[in-house]
Amino acid sequence: MRTFAFCGLILFTFIMSACSNTTPSGNDPWDYSSSLTTSSSSFSSSTSTSSSSSSSSGVSSSSLVSSSSEVESSSSSVSGAADSLALTWVTIPAGSWTRGTTDITQGLFAITQTEITQADYFAVLDTLPVQKLYGDSLPVANVSWFDAVRFCNALSKMLKMDTAYTYSSIGPGGVLLGIQANYTSESVRLPTEAEWEYAIRAGTTTEYYWGTATAITYAQYASSAGYINVASKKPNAWNLYDMAGNVSEWCSDWYSAYDAVAELSNPTGPTKTTLKRVYRGGSWNTTAPSLASNARESALPELAADTRGFRVVHFLPYE
């Protein structure tokens with residue numbers, strides 16, 4: 001198994017004009033259908049560590065182990081022409097979990113500690129959709145699945161990685177036609193539904209990852225006021241914030257009923273069987289059942305809502 005870690009504060013310089021295949025084709029500023037060759041020399045490390053590298057929930061900045069109780073977190077920074085993007089990644093250990101009667105084996109990946117914020121989104125795409133509430137530390141909402149995919153591809157290019165998503169053309173309303181996801185490239189993308197549920201559970205098997213504790217201390221829900229700053233509530237055991245509530249989160253998969261199989265390894269969801277994509281986690285205006293670790297919802301990928309946002313994963317190919 002390949003090991004992976006972001007060490008301390010990682011500085012990436014985004015110089016699109018100096019890299020081959022980094023300029024979108026044609027006149028469309030969001031055409032990221034071409035791939036960018038990964039360069040290992042684009043990563044530089046320092047000895048700084050994230051302030052969130054440990055918590056009372058057992059998060060440790062020590063070496064990653066394949067255990068449901070220990071993970072590693074680190075920060076990375078991307079500097080653009082005018083904006084700076086700082087993300088904290090949590091490395092999720094390889095392991096297994098059970099979905100119904102299916103045993104699922106999950107490989108190593110890293111996921112952002114919080115939902116993508118409005119500041120993050122603007123730093124990468126230099127635009128922001130209309131928001132119910134505005135603030136740098138508020139989660140970005142009112143984004144379609146296609147908007148989230150564009151963010152992933154743009155961030156991959158910033159980090160000088162391959163892009164996970166390719167498409168043939170752009171249709172009306174920004175719909176990406178012929179969209180395909182590459183789950184074997186080193187890239188930034190949306191989490192698969194299995195990765196997302198593995199991450200929210202963080203080794204738990206209870207209906208909610210906080211067990212019988214008070215839900216409102218972990219999740220922003222059942223509110224008419226809207227979403228709140230990310231990381232305002234308590235995290236789960238892997239130091240991930242707002243996996244339940246605040247804004248629900250797009251996953252990469254098409255929505256479909258689960259296959260009744262005994263075992264799966266790194267599932268990426270069905271081939272296109274419906275017109276909808278999965279989103280998970282419940283939001284600021286949902287009731288408690290939507291916060292359950294196994295609760296599923298779906299929507300047309302072109303539809304945006306002020307209850308939906310996303311977080312992203314950084315992925316090393318499964319072995």
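**Entry 1: Arg201**

Is Arg201 buried or exposed? I looked up its relative accessible area and found 11%, so Arg201 is buried. My cut-offs: buried means under 20% relative accessible area, exposed means over 50%, and partly exposed lies in between, with a 1.4 Å probe and protein chains only.

A note on what I am reading. The model is predicted, so I take local features only at pLDDT of at least 70 and side-chain atom pairs only at pLDDT 80 or more, while totals for chains, interfaces and linings use all residues. Residues are numbered from 1 along each chain as its sequence is written, and side-chain values use heavy atoms, with hydrogens and water left out.

Arg201 sits in helix H3. Helices (H or I, at least four residues) and strands (E, at least two) are DSSP runs, numbered from the N terminus.

I listed the contacts of Arg201, with contact meaning heavy atoms within 4.5 Å. Leaving aside neighbours within four places in sequence, Arg201 touches Trp97, Thr206, Tyr209, Ser293 and Asn294. The side chain of Arg201 also reaches the backbone oxygen of Thr206 at 3.5 Å.

**Entry 2: Helix H3**

How many residues of H3 are buried? I found nine of its nine, so I wrote the helix down as mostly covered. Among them are Trp196, Tyr198 and Ile200. Just after H3, Ala202 takes a positive phi of about 50 degrees.

**Entry 3: Salt bridges**

I used this rule: a side-chain nitrogen of Lys or Arg within 4 Å of a carboxyl oxygen of Asp or Glu. The structure holds seven salt bridges.

Which residue does Arg201 bridge to at 3.0 Å? The partner is Glu197, and 3.0 Å is the distance between the closest N and O atoms. Arg201 and Glu197 are four residues apart in H3, about one helical turn. An α-helix has 3.6 residues a turn, so residues three or four places apart point the same way. Glu197 is buried too, at 2% relative accessibility. Glu193, Glu197, Arg201, Arg280 and Arg296 are joined in a network of salt bridges.

Next I checked helix H2, residues 145-158. Asp147 and Arg150 both lie there, three residues apart. They form a salt bridge, with the closest N and O atoms 3.3 Å apart. Arg150 is buried, with a relative accessible area of 10%.

Then I looked at Arg311 and Glu249. Their side chains meet in a salt bridge at 2.8 Å, N to O. This pair links distant parts of the chain, 62 residues apart. Arg311 is in the loop between strand E16 (308-309) and strand E17 (313-315), and Glu249 is in strand E12. Both Arg311 and Glu249 are buried.

**Entry 4: The sheet around E12**

Two strands pair if DSSP finds at least two bridges between them. What is the order of the open sheet of four strands? I read E15-E14-E12-E16, with mixed pairing. The edge strands are E15 (296-299) and E16, and each pairs on one side only. E12 and E16 pair in the parallel sense over two bridges. Glu249 has Gly309 as its bridge partner in E16.

**Entry 5: Aromatic rings**

Rings of Phe, Tyr and Trp (its six-membered ring) pair if their centres lie within 6.5 Å; planes under 30 degrees apart count as stacked, over 60 as edge-to-face and the rest as tilted. I found 11 aromatic pairs in the whole structure.

Why is the pair of Tyr209 and Tyr218 edge-to-face? The planes stand at 85 degrees, with the ring centres 6.1 Å apart. Trp210 and Tyr218 form a stacked pair, 5.7 Å centre to centre and 20 degrees between the planes. Tyr209 is buried at 9%, Trp210 is buried at 9%, and Tyr218 is buried at 15%. Ring pairs link Tyr208, Tyr209, Trp210 and Tyr218 into a cluster.

I also looked for charges over rings (NZ of Lys or CZ of Arg within 6 Å of the ring centre and within 35 degrees of the ring normal). The charged end of Arg277 sits over the ring of Trp254, 3.6 Å from its centre. The charged end of Arg308 sits over the ring of Tyr279, 4.7 Å from its centre.

**Entry 6: Positive phi in a loop**

Last, I looked at the loop between H3 (193-201) and E12 (248-254). Ala222 lies in this loop and has phi near 50 degrees, a positive value in a residue other than glycine. Ala222 is exposed at 55%, whereas Asn246 is buried at 0%.

Methods
A polar contact is a pair of N or O atoms within 3.5 Å; within protein, one must be able to donate a hydrogen and the other to accept it, and residues adjacent in sequence count only if both atoms are side-chain atoms.
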